[in-house]
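I opened the model this morning and kept notes as I went. Here they are, in the order in which I looked things up.

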Amino acid sequence: MKTLKIALAAALAASALTTAAEARDQIQIKGSSTVLPYASIVAEAFGENFEYPTPVVEGGGSGAGRKALCEGVGENTIDIADSSSRIKQSDIDNCKANGVDEIQEVRIGYDGIVFASDINGSSFAFTPADWFKALAAKVVVDGKVVDNPYKSWHDVNADLPDQEILAFIPGTKHGTREVFDIKVLEDGCKESGALEAFVAAMGEKDGEKACLALRTDGASVDIDGDYTETLARLDANKQAIGVFGLSFYENNTDKLQVATMNGVTPSVDTVAKGEYPVSRPLYFYVKNAHLDVIPGLQEYIEFFVSDEMAGPDGPLAAYGLVPDPELAKTQEMVKNRTPMGPLN
Amino acid sequence: MTDVSADLATQAVRPNDRSLFVRDERTTRRHRAEMRFRMMGLAAVTFGIIALLGLMASILNNGVSSFSQTYVKLAINLDASKLDKSGKRDPAELQKVTTFAYQPLIKAALVKTMAEHGISVDGVNAKQAAELISKEAPAQLRRYVLAHPDKIGETITFELLAAGRIDGYYKGRVTMESAALDRNVSPEQLRLADQMREAGILEKRFNWSFFTAPDASDTRPEAAGLGVAILGSAYMMLVVLVLSLPIGVAASIYLEEFAPQNRFTDIIEVNISNLAAVPSIVFGILGLAIFINIAGLPQSAPLVGGLVLTLMTLPTIIIATRSALKAVPPSIRDAALGVGASKLQSIFHHVLPLAAPGILTGTIIGLAQALGETAPLLLIGMVAFVREYPGAPPEGFFDPASALPVQVYNWTTRGDPAFVERASGAIIVLLIFLAIMNITAIILRRRFERRW
């Protein structure tokens with residue numbers, strides 16, 4: 001009770017103080033922890049080269065960032081949401097409901113997702129079908145749908161080494177998991193022909209769902225933390241295989257060896273050419289209503305997508321971002337402040 | 001009971017059978033039980049000490065190296081044709097020259113210095129040699145030029161940071177073997193660094209900027225420091241102290257000395273004890289709802305952080321203060337009242353000064369707890385990449401800032417392994433602050449506390 005009164009008193013005192021506080025002069029950014037390093041590299045360079053203060057960049061995940069963006073218009077809401085997956089219709093509706101009508105969608109480049117194991121362990125050459133067979137809850141053996149019986153990668157595919165199946169994959173709150181589901185599990189499910197068998201056995205809807213259901217016997221471990229946690233787990237368990245972002249791998253090449261996917265080694269180059277299959281675009285979303293209110297916001301987004309930063313020779317590419325071949329189009333769009341249209 | 005009566009019975013039968021000098025079975029058993037308990041206690045303490053030592057050893061092992069840093073000394077020609085084409089030294093014009101234009105100057109200076117000292121390693125071209133120097137260097141140069149436009153055209157000696165991997169090589173984190181596998185550094189570059197060190201261009205020394213510099217992005221771990229975090233934490237502690245001490249002491253005095261003993265005060269008492277046990281993240285949610293969404297205070301501001309931590313610290317301070325007040329014997333109050341002092345006078349002139357050491361101890365311990373708190377800050381936007389120092393108070397309380405424990409968390413999530421060292425270094429700094437606060441509390445208690 002007393003504390004409630006105290007809290008109220010403090011809140012009153014605080015609101016009295018705010019009227020005295022001056023307008024916000026630094027950009028506030030929140031969102032995907034995959035985009036966070038790129039956003040902070042740009043923020044740092046922006047602070048160095050412009051008269052505006054360095055933007056404040058927060059992590060917290062793509063979903064959290066988009067939610068915060070849609071909280072409303074005003075100085076105590078953020079200006080930009082970083083996102084490693086495309087905005088959803090529910091976010092757009094939420095934005096509309098809170099008066100955030102115009103948002104810009106800016107694609108900054110692509111990110112590769114790599115499969116890596118301990119540097120001293122055996123090497124792997126995967127296909128999406130291998131991953132599906134190794135991790136799915138149910139697989140097809142001799143035309144019948146059965147609980148996953150595989151213990152070793154060698155059981156899954158005779159070309160793979162005889163090593164126990166243990167995979168550290170991103171948890172469901174990560175944007176990376178979505179890409180893993182679509183580009184690896186679903187594709188693997190189709191390629192291996194399991195989808196047809198599932199649909200035949202369970203009907204269309206449950207059959208498609210069965211593609212994404214993972215085994216729960218401990219062979220597949222969800223990691224809810226960051227890549228650093230995956231790396232630490234891998235270090236403790238040298239037999240395991242972890243899922244990482246390309247830039248994280250590029251920074252830890254002395255500890256990790258990367259597996260090929262469909263015979264392609266992941267690199268900035270192969271992702272850019274579209275040869276490496278497991279990749280996704282990275283975005284940030286800008287609240288247009290803040291553009292002339294928060295000083296430097298327009299300059300910041302233009303600087304982000306400039307050739308100096310996001311181009312093939314810029315610091316972002318050096319850190320592991322795969323440059324967008326259509327960057328010029330994005331630059332044009334940002335200059336004209338074109339708001340995004342409806343999702344297709 | 002039955003044992004005792006049985007014993008008595010035997011004694012009665014054979015009274016002279018027992019000697020005080022010979023241990024009978026029961027005494028031996030009791031001694032053994034005591035011994036066992038002692039051993040268990042000793043084992044528990046030993047386990048605790050070993051765990052603590054292990055933790056400290058791991059943190060120190062990882063973190064002490066962050067207090068030193070590798071620097072490269074270079075004489076750089078601030079080429080006027082590159083930095084100021086108009087030649088007017090116009091600040092607006094100079095402002096337009098970005099850090100990308102400064103990079104070639106550093107490369108040229110490095111190539112020149114290497115040639116002067118006769119340093120060269122096969123397989124390292126000028127671009128790779130320039131990678132030995134931190135990406136922070138062009139920014140350092142630009143800041144200098146903007147501050148001293150008159151120096152353009154001269155050759156100035158700068159101390160630039162060495163790149164994170166090179167720094168890691170002199171701290172044992174990077175080895176020739178790991179460099180061979182590493183995409184960001186090659187063994188040839190390390191050999192070049194060794195030659196530069198012999199020539200005295202490269203040196204490792206104490207890293208003051210670790211305490212003063214702001215955070216840095218993932219590409220330049222060598223430049224990351226705790227400046228903003230220390231300042232942010234200091235601001236928050238100031239807010240916590242200024243708010244929670246008067247409110248907490250006033251509330252305790254009222255509850256202890258004036259409030260009637262009824263149901264209502266009982267409920268308050270229970271609530272305070274409960275609040276002290278509420279998980280800190282709950283206060284973060286409260287802070288987000290009240291201070292940011294309703295009161296409209298800015299995100300990431302030390303003021304909001306301080307307010308949230310105040311809510312968290314208040315119960316601790318109130319409980320400590322109340323027990324300190326309770327410890328003052330009633331005879332002091334009675335004597336004061338007896339010579340004609342009012343109730344208020346008796347409290348403020350006699351009880352409060354005697355309780356002060358206990359109150360201070362409680363406050364310091366509460367502050368130390370608040371200093372190490374991260375969870376509530378997560379929700380109010382303080383777990384962020386902040387490079388700009390907050391301004392001087394009072395405006396500074398509204399500027400975005402980071403905090404020490406937040407910085408530790410931030411650095412542990414970064415991809416570059418050099419941040420592991422930084423994070424451990426930050427833990428050491430945080431532990432030192434905590435130790436200082438707790439030692440102060442102990443000293444205050446020892447020196448001023450009175451026992452009756």
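**Ground rules.** Before the strands, a reminder to myself: two strands pair if DSSP finds at least two bridges between them. Helices (H or I, at least four residues) and strands (E, at least two) are DSSP runs, numbered from the N terminus. This is a predicted model, so noted: local features need pLDDT of at least 70, side-chain atom pairs count only at pLDDT 80 or more, and totals for chains, interfaces and linings use all residues. Residues are numbered from 1 along each chain as its sequence is written, while chains are lettered from A and ligands numbered from 1 in the order in which they are written.

**Entry 1, between the chains.** I looked up where β2(A) meets chain B, and found two bridges joining β2(A) to strand β4 (residues 384–385) of chain B, in the antiparallel sense. Glu58(A) stands opposite Ala384(B) there. The whole contact takes 46 residues from chain A and 52 residues from chain B, where contact means C-beta atoms, placed from the backbone, within 7 Å. On the side of chain A, the elements giving two or more residues are α1 (2–18), α2 (36–49), β2 (56–60), α10 (227–236), α11 (246–251) and α15 (315–319).

Why is strand β13 (residues 279–287) of chain A largely enclosed by the rest of the structure? I found that eight of its nine residues are buried, so the strand is largely enclosed. Buried means that 20 or more other C-beta atoms lie within 10 Å of a residue's own; 12 or fewer makes it exposed, anything in between partly exposed, with C-beta atoms placed from the backbone. Strand β3 (residues 80–83) of chain A pairs antiparallel with β13(A) over four bridges, with Ile80(A) opposite Val286(A). Strand β4 (residues 103–118) of chain A also pairs antiparallel with β13(A), over nine bridges, and Gly112(A) faces Ser279(A).

**Entry 3, a sheet in chain B.** I traced an open sheet of three strands, order β2-β1-β3, with antiparallel pairing. Its edge strands are β2 (155–161) and β3 (202–206), each pairing on one side only. Strand β1 (residues 68–77) of chain B is joined to β3(B) by five bridges, and Ser68(B) stands opposite Phe206(B). Helix α7 (residues 137–147) of chain B lies across β1 and β2 of chain B, at about 140° to β2(B). For such angles, axes are lines fitted to C-alpha atoms, for helices over the stretch in contact, and angles run from 0 to 180 degrees between N-to-C directions.

A nonpolar core is a set of buried Ala, Val, Leu, Ile, Met, Phe, Trp, Tyr and Cys residues joined through C-beta atoms within 7 Å. Which residues have the most contacts inside the largest core? In that core of 169 residues, they are Val42(A) and Leu404(B). Helix α12 (residues 227–258) of chain B gives the most to this core, 15 residues. A second, separate core of 37 residues includes Leu110(B), Leu141(B), Tyr169(B) and Val185(B).

I followed Leu404(B) into helix α19 (residues 404–412) of chain B, whose axis comes within 8 Å of that of α12(B), crossing at roughly 145°. Here Ala229(B), Ile230(B) and Ser233(B) in α12(B) meet Leu404(B), Val406(B) and Gln407(B) in α19(B).

Definitions and conventions. Contact = placed C-beta atoms within 7 Å.
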